[in-house]
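Subject: Structure handover

Hello,

Here is the structure you were waiting for. Please open it next to this email; my notes follow below.

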Amino acid sequence: MLTHPLSPSFSPSPFQGLGRAAVQLVGEGDRGFSDVAIEYASPRGDDLDARLLRAMVIKGILEQTTTAQVNLVNADLLSKERGLRISEKTVRSDGGEGAPPLTEMTVRLGTAATRFSAAVGPDGQISVSGTVKAGAPYLTKIGAFDVDLGIEGIFLLTRQIDQPGIIAGVAGVLCAGGVNISYMTVCRTGKGEDAIMAVGLDDRPSEDLIAKITSIEAIAEFALVSED
């Protein structure tokens, strides 16, 4: 049975969402990736015991790619049966007394086949990073884009050219469709260049609403990520 390796006040459970989000950015119908790289940033450096963290990430991945019942005890075994090759790396991060044992985690999937190309990093792999704030999981990076958005619930990602009217256009479509926005954040590579927008939603938008959003001028692609 796995024991808690981190600290009584730190829960690894939010990082299940990091694996789940990474898989949901893989190209539709393509679950053929076999390499999963996990990087931990910790003030403890190589002294970090990441067994539960790894199991949480694997659980989040497998629950999206298999019908088997996955838990923290059988996650490693099921990942081997699935043919996943899990590699891990720990880098030392800054942190004084009272700092959490983990400051950030990055999950990379060994595939460039994605329905959201902005999620592919410079190494040609789907890459997402995350952290925990007040006990809740947050994405801090998608591909090469720095973000700050909650992983819980439902959120819509769009990639577009940075220009006036995009935010209002997406918000207007969702409002007209009766879908409430819980948050909205935009990050960009530069003025008038590529940008990604994350929109937190209280309800899953219909296919009709998605079609209206993607028909907005300058939006190049989208992805819907949820806990389901």
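Two strands are taken to pair if DSSP finds at least two bridges between them. Helices (H or I, at least four residues) and strands (E, at least two) are DSSP runs, numbered from the N terminus. This is a predicted model, in which local features need pLDDT of at least 70 and side-chain atom pairs count only at pLDDT 80 or more, while totals for chains, interfaces and linings use all residues. Residues are numbered from 1 along each chain as its sequence is written, and side-chain values use heavy atoms, with hydrogens and water left out.

Strand E8 (residues 181–188) runs antiparallel to E9, and 7 bridges join them. Within this pair, Ile181 stands opposite Leu201 of E9. The E8 and E9 hairpin has 5 residues between its strands, and Gly192 takes a positive phi near 75° there. Strand E7 (residues 154–161) also pairs with E9, in the antiparallel sense and over 8 bridges. Here Leu157 is opposite Ala198 in E9.

Burial is judged by relative accessible area: buried means under 20%, exposed over 50%, and partly exposed in between (1.4 Å probe, protein chains only). Strand E9 (residues 194–201) has 7 of its 8 residues buried, so the rest of the structure largely encloses it.

The six-stranded sheet

There is an open sheet of 6 strands in the order E2-E1-E3-E4-E5-E6, with mixed pairing. Its edge strands, E2 (85–92) and E6 (145–150), each pair on one side only. Neighbouring strands of this sheet are turned by 20° against each other on average, direction ignored. For angles, axes are lines fitted to C-alpha atoms (for helices over the stretch in contact), and values run from 0 to 180 degrees between N-to-C directions.

Strand E1 (residues 35–42) pairs with strand E3 (residues 104–109) in the antiparallel sense over 6 bridges. Glu39 has Thr106 in E3 as its bridge partner. Helix H2 (residues 51–65) packs on the sheet and touches E1, E2 and E3, its direction making about 140° with that of E1. Contact means heavy atoms within 4.5 Å.

Salt bridges

A salt bridge is counted when a side-chain nitrogen of Lys or Arg lies within 4 Å of a carboxyl oxygen of Asp or Glu. The structure holds 12 of them.

- Asp35 and Arg85 form one, with the closest N and O atoms 2.7 Å apart. This pair links distant parts of the chain, Asp35 in strand E1 and Arg85 in strand E2, 50 residues apart. Asp35 is partly exposed at 32% relative accessibility.
- Arg54 and Glu88 meet in another (3.2 Å, N to O). Arg54 lies in helix H2 and Glu88 in strand E2, 34 residues apart. Arg54 counts as buried at 16%, whereas Glu88 is partly exposed at 40%.
- Asp162 and Arg188 also meet through their side chains (2.6 Å, N to O). Asp162 is in the loop between E7 and helix H4 (166–176), and Arg188 is in strand E8, 26 residues apart. Asp162 is partly exposed at 22%, as is Arg188 at 49%.

Cysteines

How many disulfides does a search of the whole structure find? The count is 0, where a disulfide is a pair of cysteine sulfur atoms within 2.5 Å. Cys175 is exposed, with a relative accessible area of 61%, while Cys187 counts as buried at 15%.

Regards
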